[in-house]
Amino acid sequence: NSPELLSVANVCLREVIITYKEILSPEGFVLFQKLMDNMEKANAWENIYCQLPQEKIINYSKELLYKKSLPHAFGPVTILLTLGYTINSKEIQLMLSFFKNYLAARQLHDDAHDWQKDLDKDFLNSVSIPLIHLYYTHNPNLINQNSNTEKPHLQKLFWEEYIMTVAEEINEYVQNAQADLEELKQLNLIKNSNYFEKLLLPLIKSINQINSTKRDIQDFLTSFHS
């Protein structure tokens, strides 16, 4: 979005890579490179398959939810590596699992808020893609598959049905992250888990808000029809 900052970003990235190469063991640096490669592959996939128009809208892999940003979680992993843990240790695998679940939940949460704005920009995200598939499953005889003309119907389907599916998926990721965090605490790896819990708190609040709103709507419809 800011081409004038690209050179600065490239310099910063080079410095990050140099720093990691200096402080990590060879196997640790290989893990870092793997996460970076996965991030670039995820971004490339989105650039190819999430830009409209598309002849066929293909499914969105759930792994993309965290692969796009998992390198940002490499700081805590680096600390563990410098303390002597190996990349295959339970501690590091749990730390990566926590961030995978947290980042997946956060990406899904953000996409649930942004899917309409993204669609206006001819961009598909992790919420609009399955929503569109669901819509055409409900309407198999529909000839016109222009997302622009179908937007009001997609919005209706999202708020009446699909939002609860998204909330359940976010909640599952959050619960998995909480389970990872609990295991890390049992291993005495984390003395104070406040930082990690604060990461999950906005997502938990959002899930509760969605469930509360859905109940309010259902209560209104029930009283209206009765």
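Analyst: H6 and H7 are roughly perpendicular to each other. By the rule used here, angles under 35 degrees count as roughly parallel, over 145 as roughly antiparallel, 65 to 115 as roughly perpendicular and the rest as oblique. This is a predicted model, in which local features need pLDDT of at least 70 and side-chain atom pairs count only at pLDDT 80 or more, while totals for chains, interfaces and linings use all residues. Residues are numbered from 1 along each chain as its sequence is written, and side-chain values use heavy atoms, with hydrogens and water left out.

Two packed helices are described by the angle between their axes and the distance between the axes. Helix H6 covers residues 128-138 and helix H7 residues 151-186; their axes come within 10 Å and cross at roughly 95 degrees. Axes are lines fitted to C-alpha atoms, for helices over the stretch in contact, and angles run from 0 to 180 degrees between N-to-C directions. Helices are DSSP runs of H or I with at least four residues, strands are runs of E with at least two, and both are numbered from the N terminus.

On the H6 side, the contact (heavy atoms within 4.5 Å) involves Pro130, Leu131, Ile132, Leu134, Tyr135 and His138. Their partners in H7 are His153, Leu154, Leu157, Phe158, Glu161 and Tyr162. Sorted by type, the residues of this contact are nine nonpolar, two polar and one charged. Ala, Val, Leu, Ile, Met, Phe, Trp, Tyr, Cys and Pro count as nonpolar, Asp, Glu, Lys and Arg as charged, and the others, Gly among them, as polar.

Next come the aromatic pairs, of which the structure holds 14. Rings of Phe, Tyr and Trp (its six-membered ring) pair if their centres lie within 6.5 Å; planes under 30 degrees apart are stacked, over 60 edge-to-face and the rest tilted. Trp45 and Tyr49 form a tilted pair, with ring centres 5.2 Å apart and planes at 40 degrees. They sit four residues apart in helix H2 (residues 26-49), about one helical turn. Trp45 is buried at 18% relative accessible area, whereas Tyr49 is partly exposed at 33%. Here buried means under 20% relative accessible area, exposed over 50%, and partly exposed in between (1.4 Å probe, protein chains only). Tyr135, one of the H6 contact residues, pairs edge-to-face with Tyr136, at 5.1 Å centre to centre and 70 degrees between the planes. Tyr135 is buried at 8%, and Tyr136 is buried at 16%.

Side chains of opposite charge can pair when their charged atoms come close. Across the whole structure there are ten salt bridges, each a side-chain nitrogen of Lys or Arg within 4 Å of a carboxyl oxygen of Asp or Glu. One of them joins Glu46 and Lys68, 3.0 Å from N to O. Glu46 is in helix H2 and Lys68 in the loop between helix H3 (64-67) and helix H4 (74-82), so this pair links distant parts of the chain, 22 residues apart. Both Glu46 and Lys68 are buried.

Lys185 lies in H7 and Glu197 in helix H8 (residues 194-225), so the pair ties together parts twelve residues apart in sequence. Lys185 is partly exposed at 31%, and Glu197 is partly exposed at 35%. Through shared partners, salt bridges join Glu182, Lys185 and Glu197 into one network.
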